[in-house]
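Here is a short report on one protein chain. Look over the sequence and the structure first, then read on.

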Amino acid sequence: MENPTENKPVEKERKSIKVWSENLQRFYYKSKDPNYYNDYFHKTKRPMTCGICGKTITCQMYSHLKSKKCIMKKQEMEIEHLRKQLEQLNITE
Ligand SMILES: [Zn+2]
């Protein structure tokens with residue numbers, strides 16, 4: 001007995017689906033893989049350097065800026081800045 005579906009060419013499974021975007025007024029391809037965008041995020045993620053404490057951040061900058069270490073460093077810098085201003089005032093007096 002012959003299977004009629006056996007010789008049928010296998011349809012290539014698409015990795016993305018065509019989606020109409022109302023905002024863009026055009027079609028775009030959306031990945032079917034729900035992890036695609038997470039993977040993309042991790043692939044493009046680069047360690048950043050914190051502008052306040054100079055630490056290299058691999059996590060989110062937003063949460064780092066709220067960390068005790070960074071806040072303390074920020075306060076230290078503010079104190080240092082005020083100290084320098086006081087020094088300058090003493091010189092000009
Ligand atoms: Zn920091």
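## Terms and model

Helices (H or I, at least four residues) and strands (E, at least two) are DSSP runs, numbered from the N terminus. This is a predicted model, in which local features need pLDDT of at least 70, side-chain atom pairs count only at pLDDT 80 or more, and totals for chains, interfaces and linings use all residues. Residues are numbered from 1 along each chain as its sequence is written.

## Overall layout

The protein chain has 3 helices and 4 strands. Their order from the N terminus is β-β-α-β-β-α-α.

Of the 93 residues, 0% are buried. A residue is buried with 20 or more other C-beta atoms within 10 Å of its own, exposed with 12 or fewer, and partly exposed in between; C-beta atoms are placed from the backbone.

## Confidence

pLDDT is the predictor's confidence in each residue, from 0 to 100. Its mean over the protein chain is 81, and 77% of the residues reach 70 or more. Among the elements, helix α1 (residues 36-44) has the lowest mean, 66. Helix α3 (residues 68-92) has the highest, 91.

## Glutamine 25

Glutamine 25 sits in the loop between β1 (16-21) and β2 (26-31). Its phi is near 60°, a positive value in a residue other than glycine. Glutamine 25 counts as exposed because it has 7 C-beta neighbours inside 10 Å.

## Threonine 49

Threonine 49 belongs to strand β3 (residues 48-49). It is exposed, with 11 other C-beta atoms within 10 Å.

Two residues are in contact if their C-beta atoms, placed from the backbone, lie within 7 Å. Leaving aside neighbours within four places in sequence, threonine 49 contacts Gly54 and Thr56. Threonine 49 and methionine 61 are 12 residues apart in sequence, and their C-alpha atoms are 8.9 Å apart in space.
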